[in-house]
Amino acid sequence: MPHSYTVMICVSPGKFPPVLFLTLQEDKGVLGPIVKRAMYKTRNLHVIASTSGKMTEQLLIEWCEKVFFPHMHHYCIFLAEFWPTFADEDVVEEIKPGELEYEIITIPPKVTSQIQPLDVLCFRMYKGYFRKISNWIFLNDQPGQVHHRDLIIKLHSLIYQQFTSPRFQNLIEQGWHLSGYINKSFTSVNPTEFSFDGLTGHCDHDSCSRSLLLKFGWCKAPLCFHHFRERYHFCKMYLP
């Protein structure tokens, strides 16, 4: 069945957390035992479900416990969008690690696009990257649908892996600069332009004559769709 879903991205100045939170739409609001057994497993996604495919207060708690707090140390200021669930500090306070000093600052309504670092720069890049791949799938009549569960999981796992490459680190920092939080400006590499512009030749794998899909953000390997998605090219070898 087609799935709606929510990708919950957060950043700190200079880096993405190692795990991305993905909420899938499931009729009963949970991932049943059969689905869990059959579902593609990745190392950098925490996959959960709701009836709408959107975040709820209970899922925010799980995001804090599984993704956010494990990577926060000593002191944390959480810059959150204007959303009633985020405003309930008591809920988060109950589950935060005792040794962590935690403060939440809420962005006023109607200015998120101006002062939220992800909205200012990173979301547009991430969505553009996903759109490039999904358009290629449609245009080349590839098997599988971009709104089906396993393809959603695989693609977001691989795309998120791209964005964690040191090559794109300044993209995050520039987002903080453009939002007005830091004075220094950074020269950043656009992940979509790096991966998709000016592709020539064939796939990096031996004896593969398929047309290229992209250039990988970590190792710079030119890859076809088959070796990127089907073979799940999850490389962390960085070549400047």
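Two strands are taken to pair if DSSP finds at least two bridges between them. In the predicted model described here, strand β2 (residues 20-25) and β3 meet this criterion, pairing in the parallel sense over six bridges. Within this pairing, phenylalanine 21 of the model stands opposite histidine 46 in β3. β1 and β2, by contrast, pair in the antiparallel sense, over four bridges, and the bridge partner of tyrosine 5 is leucine 24 in β2.

Together, three strands form an open sheet of mixed pairing, in the order β1-β2-β3.

Helix α7 (residues 149-163) lies across β1, β2 and β3 and runs at about 165° to β2. In a regular strand the side chains alternate between the two faces of the sheet. In β1, Thr6 and Met8 belong to a covered face, whereas Tyr5 and Val7 belong to an uncovered one.

The loop between β2 and α1 (33-38) contains aspartate 27. This aspartate 27 has a relative accessible area of 61% and counts as exposed, because the cut-off for that class is over 50%. Aspartate 27 and serine 52 are separated by 25 residues in sequence, and their C-alpha atoms are 8.2 Å apart in space.

A further element described here is helix α8 (residues 169-178), in which Leu171, Ile172, Glu173, Gln174, Gly175 and Trp176 are buried. These buried residues of α8 pack against β4, α6, α7 and α9 (191-196). Just after α8, glycine 180 takes a positive phi of about 95°.

Most residues other than glycine have a negative phi. Lysine 110, although not a glycine, has a positive phi of about 75°. The position of lysine 110 is in the loop between β5 (101-106) and α5 (112-115), and lysine 110 is exposed, with a relative accessible area of 82%. Lysine 220, likewise a residue other than glycine, has a positive phi near 65°. Lysine 220 is found in the loop between β6 (214-215) and β7 (222-223); with a relative accessible area of 33%, lysine 220 is partly exposed.

Pockets were also examined. The largest pocket has a volume of about 890 Å³. Its lining comprises 33 residues, among which Ile9, Glu81, Gln116, Leu118 and Phe123 lie nearest the centre. At least two residues of this lining are supplied by each of β1 (5-8), α2 (57-68), β4 (75-80) and α6 (117-139). The largest share, seven residues, comes from α6. By class, the lining of the largest pocket divides into 26 nonpolar, four polar and three charged residues.

The second largest pocket has a volume of about 240 Å³. It is lined by 15 residues, of which Gly14, Lys15, Phe16, Pro17 and Pro18 lie nearest its centre. The lining of the second largest pocket has eight nonpolar, six polar and one charged residues.

Key:
Residues numbered from 1 in each chain as written. Predicted model: local features only at pLDDT ≥ 70, side-chain atom pairs only at ≥ 80, totals over all residues. Heavy atoms only, no water. 1 Å grid on protein atoms, 1.4 Å probe; cavity = no way out; pocket = protein on both sides within 12 Å on 5 of 7 lines; lining within 4 Å. Points joined across faces, edges and corners; volume = space filled by probe spheres on them. Nonpolar A, V, L, I, M, F, W, Y, C, P; charged D, E, K, R; others polar. Contact = heavy atoms within 4.5 Å. Axes fitted to C-alpha atoms, helices over the stretch in contact; angles between N-to-C directions. Buried < 20%, exposed > 50% of the residue type's maximum accessible area, 1.4 Å probe, protein only.
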